[in-house]
Amino acid sequence: MALHVISSDERNSPTMLLRRILRRAAPQPSVRAIPSGRRVYAIGDIHGCLDLLDRLLTRIREDDRGRTPAETQLIFLGDLVDRGPDSCGVVKRLMTLKASGAAAVFLKGNHEEILIRTWEGDRRAATLLNRVGGRETLLSYGVTEEEYDAADIDGLTKLVKHNVPEEHIAFLDAFTNWHEEGDYLFVHAGIRPGLCIEEQNGSDLRWIRSAFLTHPGPHSHVVVHGHSISDDVDEQVSRIGIDTGAFFSGTLTAIGLERAERWYLTS
């Protein structure tokens with residue numbers, strides 16, 4: 001095939017000039033950022049892994065001290081409990097963190113919802129709790145294996161009610177559904193595409209998967225979420241998933257954000 005060389009006349013033709021104007025006018029990808037002077041660390045699904053949480057909090061403190069002074073915000077994306085070995089220890093640690101006055105936001109995950117509803121006597125929630133790691137949670141609160149294995153669904157609701165302190169349930173139930181920092185939106189599971197955050201259903205924010213994960217278009221914010229496990233950080237144009245399956249992978253992940261910069265820490 002012969003190579004066609006564009007002549008100076010063609011280069012300056014109305015058609016070529018129009019193409020160059022349109023290329024310059026084409027919208028450029030916007031830079032997503034959080035407000036100047038703030039630094040955010042968002043932590044993925046902990047699922048009862050107290051040892052990983054403690055190590056990650058240490059890494060976050062060290063990372064924060066190594067950077068220029070800023071107003072630092074911690075955001076926990078939910079699912080503190082179930083599956084891992086020490087849900088009780090995780091809840092106690094984060095209750096202590098909150099009581100210390102640390103700037104921390106706690107988002108409610110679907111596992112918090114299940115545990116709270118079971119504590120309130122919801123038998124359907126208790127059935128689900130039994131399937132999604134509630135056994136490990138109850139053992140961490142002092143229930144014996146024999147007690148757990150002998151309990152039917154009504155018995156399971158009683159075990160939760162009698163062994164999980166009311167102040168722990170109140171702490172979990174006070175969690176919020178979403179948090180916004182500049183161009184970033186933090187939720188547990190995701191959002192319903194096409195709806196502004198004020199119109200979102202709380203259940204979607206805690207449970208949604210496919211409709212959010214497979215959505216090809218942009219969102220109003222970059223959505224930082226957990227809930228859906230990936231081998232590594234799942235960084236897409238309009239969302240970032242940081243649930244790296246701590247309870248079986250041994251890796252708990254946090255994202256750091258400052259202005260337009262982002263980075264990741266693991267334990």
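Which side-chain oxygen reaches the backbone nitrogen of D154 at the start of helix 9? It belongs to D152, and the gap is within 3.3 Å. Such a polar contact is a pair of N or O atoms within 3.5 Å; within protein, one must be able to donate a hydrogen and the other to accept it, and residues adjacent in sequence count only if both atoms are side-chain atoms.

This is a predicted model: local features need pLDDT of at least 70, side-chain atom pairs count only at pLDDT 80 or more, and totals for chains, interfaces and linings use all residues. Residues are numbered from 1 along each chain as its sequence is written, and side-chain values use heavy atoms, with hydrogens and water left out.

**Helix 9**

Helix 9 covers residues 153–163. Helices (H or I, at least four residues) and strands (E, at least two) are DSSP runs, numbered from the N terminus. G155, L156, T157, L159 and V160 are the buried residues of helix 9. Buried means under 20% relative accessible area, exposed over 50%, and partly exposed in between (1.4 Å probe, protein chains only). These buried residues pack against helix 5 (110–119), helix 6 (123–131), helix 7 (134–140) and helix 8 (145–150).

**Two sheets**

Strands pair if DSSP finds at least two bridges between them.

Strand 9 (residues 253–258) runs antiparallel to strand 10, joined by 6 bridges. Here I255 faces Y264 of strand 10.

Strand 4 pairs with strand 5 (residues 184–187) in the antiparallel sense, over 4 bridges. H179 has F186 in strand 5 as its bridge partner.

**Two buried strand residues**

I75 lies in strand 2 (residues 71–76). I75 is buried, at a relative accessible area of 0%. What does I75 contact, leaving aside neighbours within four places in sequence? Its partners are V40, Y41, A42, I43, V105, L107, H179, E181 and F186. Contact means heavy atoms within 4.5 Å. I75 and Y41 sit 34 residues apart in sequence, yet their C-alpha atoms are 6.2 Å apart.

E258 belongs to strand 9. E258 also counts as buried, at 13% relative accessibility. Its side chain makes a polar contact with the side chain of R39, at 2.9 Å. Beyond four places in sequence, the contacts of E258 include R39, R67 and W263.

**Nonpolar cores**

A nonpolar core is a set of buried Ala, Val, Leu, Ile, Met, Phe, Trp, Tyr and Cys residues joined through side-chain atoms within 4.5 Å. The largest has 44 residues; I43, I46, L53, F76, L80 and L94 have the most contacts inside it. Helix 3 (residues 50–65) gives the most to this core, with 6 residues. L94 touches I46, L53, F76, L80, F106 and F171, not counting residues up to four places away in sequence. A second, separate core of 15 residues includes I34, V40, I240 and I255. In soluble globular proteins, nonpolar side chains tend to be buried together.
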